[in-house]
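Subject: Structure for you to look at

Hello,

Here is the structure I said I would pass on. Please look through it first, and then read my notes below.

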Amino acid sequence: MINLQVTLFDTNNRYRPISTIVKVENLQYYKDNVQAVRHKAIEKICAKRYTTPKQLAKDGYNQIKVRVYQQQ
């Protein structure tokens, strides 16, 4: 299992970045399912902040970056 840190950035630099940790099997799984992993991370962020993906996009969170956080 690999932990990936998914971070959403505000393109207007008005708000601080939002990040979450998503567990995946390996990097090959991430490369094959990039959109699914990103969608899972956005849904996790939305659940934590009591908001919707549409509202995040309206607030300017349009840029996303993913990095390996910790390998187990």
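**The core**

Leu4 counts as buried, because its relative accessibility is 2%. Buried means under 20% relative accessible area, exposed means over 50%, and partly exposed is in between, with a 1.4 Å probe and protein chains only. Before going on, note that this is a predicted model, in which local features need pLDDT of at least 70 and side-chain atom pairs count only at pLDDT 80 or more, while totals for chains, interfaces and linings use all residues. Residues are numbered from 1 along each chain as its sequence is written, and side-chain values use heavy atoms, with hydrogens and water left out.

Leu4 is in strand E1. Helices (H or I, at least four residues) and strands (E, at least two) are DSSP runs, numbered from the N terminus.

Which residues make up the largest nonpolar core? It has eight: Ile2, Leu4, Val6, Val22, Val24, Tyr30, Val37 and Ala41. At least two residues of this core come from each of E1, E2 and H2, and E1 gives the most, with three. A nonpolar core here is a set of buried Ala, Val, Leu, Ile, Met, Phe, Trp, Tyr and Cys residues joined through side-chain atoms within 4.5 Å. In soluble globular proteins, nonpolar side chains tend to be buried together.

The terms are as follows.

**Two positive phi values**

Most residues other than glycine have a negative phi. Asn13 is not a glycine, yet its phi is positive, at about 60°. Asn13 is in the loop between strand E1 (2-10) and strand E2 (18-24), and it counts as exposed because its relative accessibility is 68%.

Tyr50 also has a positive phi, near 55°. Tyr50 is in the loop between H2 and helix H3 (53-58). Is Tyr50 buried or exposed? It counts as exposed, because its relative accessibility is 79%.

Thr52 is in the loop between H2 and H3 and is partly exposed, because its relative accessible area is 43%. Leu4 and Thr52 are 48 residues apart along the chain, and their C-alpha atoms are separated by 22 Å.

Pro53 lies in H3 and counts as partly exposed, because its relative accessibility is 36%. From Pro53 to Asn13 the C-alpha distance is 18 Å, and the two are 40 residues apart in sequence.

Regards
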